[in-house]
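Morning, everyone. Please bring the structure up on your screens, and keep the sequence beside it.

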Protein chains: 2
Amino acid sequence: MIKTLCLIGVGMIGGSLARSLRLSRWCQSIVGIDVSSKAIDEAIALGVIDEGYTTIDQYRHIPDVVVIAVPVMKVHVIFEQIKHWMDQCDAITDVCSTKQSIINDYKNVFPDKGASCFVPGHPIAGRERSGIAAALDDLYQNRRVILTPMENTRQQSLQLISEMWQQAGAHVELLSAEKHDRILAATSHLPHALAFSLVHCLSTQSHTDEIFRYAAGGFADFTRIASSDPTVWREICLANSHELLEALAHFDTSLQKLRDCLAAGDGDALQTIFSEAKDARDRYTDS
Amino acid sequence: MIKTLCLIGVGMIGGSLARSLRLSRWCQSIVGIDVSSKAIDEAIALGVIDEGYTTIDQYRHIPDVVVIAVPVMKVHVIFEQIKHWMDQCDAITDVCSTKQSIINDYKNVFPDKGASCFVPGHPIAGRERSGIAAALDDLYQNRRVILTPMENTRQQSLQLISEMWQQAGAHVELLSAEKHDRILAATSHLPHALAFSLVHCLSTQSHTDEIFRYAAGGFADFTRIASSDPTVWREICLANSHELLEALAHFDTSLQKLRDCLAAGDGDALQTIFSEAKDARDRYTDS
């Protein structure tokens, strides 16, 4: 249990964490910081935070734990703004979908290699809807959270952030930032890129209205992630562009193989691809 | 209301139609034909059909309406086997996902251009699960069914099949077979090809276990259609390979644009693609 949690970025991801920690009574009070006063007002009205400010310097105390829940590209600015907290907080973490870029941002602002309270983190959970009103009590229940501690991350800080996520119902796992970024490029960033690309491709064709008119449930499922926040995803894709381009190149090879099968009318080869894919999905995924 | 409906192919798609028609009491009896005696037994036990046979010639009567619900590539064999019904039934239809290939199959077996009771059809609904046990009463409720009548399709037959689908709760629309195939290539066949390709691509990488371990809900949604029946989809893709290859070429151009943006770090162009995609999806899709 801690005294004060400071949530920087009062949106769906951070708000869901705050909601679950409030339920588990892990923190006595939650202060929210967000450039949007509307988000602050809404979060207070919803009971997600106790108090809120639109700039960090309006908050005059030192929180025990800080959760940075802003889009990837804004994290480095936040690091600058909370420089004075870094030696005084018990732990500072983030929730961004890329980890190497965040660690690079950290190192640019804090080149000192002494022990650090910063614990890079990423909850593997989300919704297409954004904003504090979309925050859920149980978003992290039974979901995985990956922490990618730096060499100089303090053990106590790592333990505290692990405890926080466990209180939110999540399973905490540790990975290197490199591995995290490679895996997430494959399972998250690549599918988002494909879904955005597909819908964009179809929406720029001459018979778009008819195309979407006859789309069935499979299409709605397949393209659901293309309703995600474009700014958030632009930033994630740019921040992890190297790994994403690698994943796209892998995918391109697979797709070319499928096109070759189609062009050659090679049903056996096509069936092999489809069967192996179905087997893998059925083995690993339960929905 | 008709007397006898003959369902050739007693699986999820045909079985769902039979279930809904039984509820609406549109036909007095339903006879099922399936090569699998297990499927027949199960369908009788579930009350989906009244009687069933493993070959068409075991059924000694002439049904009023015939629904061919077998995989695309098997339809031409069925046409051969029901040649003697073609002049005596009120209407014969199919439920296949490609329409030009089915019409070609029809024309090969019935080169006579006189009036025909055959009404090519395609319900835009489905599930990843297959088999008669996966059939649902309400699969077609409020879903679209596309009928693509041939030049020589009888008006009465078209009306009867329209009535059948309306009884199943569906909205019937007419399209040319060419247009149907082009649209479905974009909204159904292409997404399936991409989903199968993506899962296959990830399942053949060295760290497959870890990739799938950290996959979240978005990935499950995106790849759900890759759990579809590989044989069915092999046949659909081959039967509509020309349109699918065209759709893949379009998609490839879109994907290459996205890769160029990523490689150049062009966030504005990336955001334009993502925003336009999100807008299109949110405009056309409600889930």
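**Helices, interface and core**

Let's start with a crossing in chain A: H10(A) and H11(A) cross in a left-handed way. Keep in mind that this model is predicted. H10 of chain A covers residues 241-264, and H11 of chain A covers residues 267-284. Their axes lie 8 Å apart, at an angle of about 145 degrees. Which residues meet there? From H10(A) come A:Lys257, A:Leu258 and A:Cys261. From H11(A) come A:Ala269, A:Leu270 and A:Ile273. By class, that contact of H10(A) with H11(A) has 5 nonpolar residues, 1 charged and no polar.

Now chain B, and another pair of helices. H6 of chain B runs over residues 177-203 and packs on H10 of chain B, residues 241-264. The angle is about 70 degrees, and the axes are 9 Å apart. So H6(B) is roughly perpendicular to H10(B). This crossing is right-handed. H6(B) brings residues including B:Asp181, B:Arg182 and B:His189 to the contact. H10(B) brings, among them, B:Glu243, B:Glu246 and B:Phe251. The contact of H6(B) with H10(B) divides into 8 nonpolar, 4 charged and 1 polar.

Next, the two chains together. How many residues of chain A touch chain B? The count is 73, and they meet 73 residues of chain B. Several elements of chain A each give at least two residues to that side, including strand S8 (144-147), helix H7 (208-213) and helix H9 (230-239). The largest share comes from H6(A), with 17 residues. By class, the side of chain A that touches chain B has 43 nonpolar, 20 polar and 10 charged residues.

On to one residue, B:Lys99. It sits in the loop between strand S5 (91-94) and helix H4 (100-109) of chain B. Is B:Lys99 buried or exposed? It has 26 C-beta neighbours inside 10 Å, so it counts as buried. Beyond its neighbours within four places in sequence, B:Lys99 is in contact with B:Pro120, B:His122, B:Thr148, B:Ala177, B:His180 and B:Asp181. For a sense of distance, the C-alpha atoms of B:Lys99 and B:Ser20 are separated by 24 Å. Along the chain, those two are 79 residues apart.

Last, the core. The largest nonpolar core has 190 residues. Those with the most contacts inside it are A:Leu7, A:Ile8 and A:Val67, along with B:Leu7, B:Ile8 and B:Val67. Take B:Leu7. Past four places in sequence, its contacts include B:Gly14, B:Ile30, B:Ile49 and B:Val67.

Conventions
Residues numbered from 1 in each chain as written. Chains lettered and ligands numbered in written order. Predicted model: local features only at pLDDT ≥ 70, side-chain atom pairs only at ≥ 80, totals over all residues. Axes fitted to C-alpha atoms, helices over the stretch in contact; angles between N-to-C directions. Helix = DSSP H or I, 4+ residues; strand = E, 2+ residues; numbered from the N terminus. Left-handed = near helix turned anticlockwise from the far one by under 90°. Contact = placed C-beta atoms within 7 Å. Nonpolar A, V, L, I, M, F, W, Y, C, P; charged D, E, K, R; others polar. Buried ≥ 20, exposed ≤ 12 C-beta atoms within 10 Å, placed from the backbone. Core = buried A, V, L, I, M, F, W, Y, C linked by C-beta atoms within 7 Å. Parallel < 35°, antiparallel > 145°, perpendicular 65-115°, else oblique.
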